[in-house]
Amino acid sequence: MDANITAILKKHNLRRTGMREEVLRIFLSVGNEAIAHPELERLLPDADRITLYRTLKSFEDKGILHQVVDNNSATRYALCHGNCTEHDHHDEHAHFHCQDCGKTLCLDIPPIGQVQVPDGFRLTHAHIILEGVCDRCVAV
């Protein structure tokens, strides 16, 4: 996993720091799950809050992470797919929020389609949240 972390940081022109490595290690371990800032603080109890915030912001700016807003108005972060860059994010895909366990996951499904906004409006972001019960909770 360390080689993967090094490759991600190098690809996005970021230097290796302990915080960046720890944050990436967490996101790589959870796969397509989105994690809220308070959860990251819990997983990194010795981390400085400002350093963590700056790490998340730089990862988002560089195309490593994208924001996911769920119906609880909590901002979560998830790994971008390999084709996101500093200038071109491809994060407008559907997310699934489980009503039982509370997890929010990125879904690798085709986009629902282009949204048309009225004349004079300019769309900058689209958040598609599907809600229900995830496969783990259904099986219980």
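**Close-up views of a predicted model**

**View 1. Lys57 and Asp61 form a salt bridge, with their closest N and O atoms 3.0 Å apart.** The model shown here is predicted. Lys57 and Asp61 sit 4 residues apart in helix H4 (residues 49–62), so about one helical turn separates them. Lys57 is partly exposed, at 38% relative accessibility. Asp61 is partly exposed too, at 37%. Side chains of opposite charge can pair when their charged atoms come close.

**View 2. Glu22 pairs with Arg25 in helix H2 (residues 18–30).** The closest N and O atoms of this salt bridge are 2.8 Å apart. Glu22 has 36% relative accessibility and counts as partly exposed. Arg25, at 26%, is also partly exposed. Asp2 joins Glu22 and Arg25 in a network of salt bridges.

**View 3. A salt bridge connects Lys103 and Glu33, at 3.7 Å from N to O.** This pair links distant parts of the chain, 70 residues apart. Lys103 lies in the loop between E4 and E5, and Glu33 in strand E1 (residues 33–36). Lys103 is partly exposed at 28%, whereas Glu33 is buried at 16%.

**View 4. His97 is buried in strand E4 (residues 94–98).** Its relative accessibility is 5%. Contacts of His97 beyond its sequence neighbours include Asp70, Arg76 and Glu131.

**View 5. Val115, Val117, Phe121 and Leu123 make a nonpolar surface patch.** Together they have about 380 Å² of accessible area. Val115 lies in the loop between strands E5 (104–106) and E6 (128–132). Val115 is exposed, at 53% relative accessibility.

Conventions. Residues are numbered from 1 along each chain as its sequence is written. This is a predicted model: local features need pLDDT of at least 70, side-chain atom pairs count only at pLDDT 80 or more; totals for chains, interfaces and linings use all residues. Side-chain values use heavy atoms; hydrogens and water are left out. Helices (H or I, at least four residues) and strands (E, at least two) are DSSP runs, numbered from the N terminus. Buried means under 20% relative accessible area, exposed over 50%, partly exposed in between (1.4 Å probe, protein chains only). Contact means heavy atoms within 4.5 Å. Patches are made of residues with over 30% relative accessible area and no salt bridge: like charges are joined within 9 Å, nonpolar side chains (Val, Leu, Ile, Met, Phe, Trp, Tyr) within 5 Å. Accessible areas come from the Shrake-Rupley method with a 1.4 Å probe; for residues, only the protein chains shown count as cover. A salt bridge is a side-chain nitrogen of Lys or Arg within 4 Å of a carboxyl oxygen of Asp or Glu. Lists of a residue's contacts leave out its neighbours within four places in sequence.
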